[in-house]
Amino acid sequence: MSNPAATPDRNHETAPKAITLPGIILGVGLGGFVDGILLHQILQWHHMLSSSETANVDIGAYPVTTVHGLQMNTLWDGFFHTITWLAVLIGLGILYSRIRGSRGRIWASKVLWGWVLVGWGIFNVTEGILDHHLLGIHHVVTGEFQTVADILFQIFGVLLIAGGWALQRTGQVLDLAAGDRRAAAGSR
């Protein structure tokens, strides 16, 4: 007879891991969409290469005030949106493969949405460090408040990670295989 104290609860051990990766990947893609759609397109605060003239790497100058510069920025915004779309598609594919028998319950899960927020925060922190600070190819806004806006973007990312982590910890673990077991029992 096995020691119950030494045997981990299988549901507790496997269920959160089952949606951690797809939740984070979905969050990265959805966070990228918020950035690209809101900041690049609607507010037009920046584009992918809008600070190319003052970047920390020599990529050429693509000012958004010229037709050629705007064309190049739009092209690179398109590449950016393609990557975020692929992240959402991959996240959904992985999520679907892991939860086929319990789709209805998983979408209401604080665990899933917590991991999505973590992914969004990871996107903000990574993109902010890479594009705003290291490469300097664009900033949240250009001008007097450029550094403050870039730092606030980073802080927002850290808050998303912390909030998402806290949210997923408050969620109930779902038995992802319960639907499969019920379906198998019903077919007997």
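The largest pocket of this predicted model has a volume of about 290 Å³, where a pocket is found on a 1 Å grid over the protein atoms alone, as an open set of points where a 1.4 Å probe fits, with protein on both sides within 12 Å along at least five of seven lines, and where the volume is the space filled by probe spheres set on points joined across faces, edges and corners. Its lining, meaning the residues with an atom within 4 Å of a point, consists of 15 residues, and Phe80, Phe123, Glu127, Leu130 and Asp131 are the ones nearest the centre. Helices H1, H2 and H4 each supply at least two residues of this lining, and H4 gives the most, with six.

Local features here need pLDDT of at least 70 and side-chain atom pairs pLDDT 80 or more, while totals for chains, interfaces and linings use all residues. Residues are numbered from 1 along each chain as its sequence is written, and side-chain values use heavy atoms, with hydrogens and water left out.

Among contacts (heavy atoms within 4.5 Å) between residues at least 6 apart in sequence, 76% join residues at least 24 apart.

The largest nonpolar core, which is a set of buried Ala, Val, Leu, Ile, Met, Phe, Trp, Tyr and Cys residues joined through side-chain atoms within 4.5 Å, has twelve residues, including Ile19, Phe33, Val88, Trp115 and Val116. Helix H1 (10-42), helix H2 (67-99) and helix H4 (110-134) each give two or more residues to this core, with the largest share, five residues, coming from H4. Apart from its neighbours within four places in sequence, Val116 is in contact with Gly23, Leu26, Gly27 and Leu30. A second, separate core has eight residues, among them Tyr62, Met72, Phe80 and Ile137.

Leu117 is also placed in helix H4, and it counts as partly exposed because its relative accessibility is 26%. Beyond its neighbours within four places in sequence, Leu117 is in contact with Leu160, Ile161, Gly164 and Leu167, and its C-alpha atom is separated by 8.7 Å from that of Ala162, 45 residues apart along the chain. Helix H5 (residues 146-170) has 25 residues and reaches 36 Å from its first C-alpha to its last, close to the 36 Å expected, a span taken as 1.5 Å times one less than the number of residues. The buried residues of H5 include Ala149, Phe153, Leu160 and Gly164.

The loop between H1 and H2 holds Gln44, which has a positive phi of about 55 degrees although it is not a glycine. Most residues other than glycine have a negative phi. Gln44 counts as exposed because its relative accessibility is 56%. Ser50 is found in the loop between H1 and H2 as well, and its side chain reaches the backbone oxygen of His47 at 3.1 Å. Leaving out neighbours within four places in sequence, Ser50 is in contact with Val64, Asn73, Ile137 and His138.

Notes:
Buried means under 20% relative accessible area, exposed over 50%, partly exposed in between (1.4 Å probe, protein chains only). Helices (H or I, at least four residues) and strands (E, at least two) are DSSP runs, numbered from the N terminus. A polar contact is a pair of N or O atoms within 3.5 Å; within protein, one must be able to donate a hydrogen and the other to accept it, and residues adjacent in sequence count only if both atoms are side-chain atoms.
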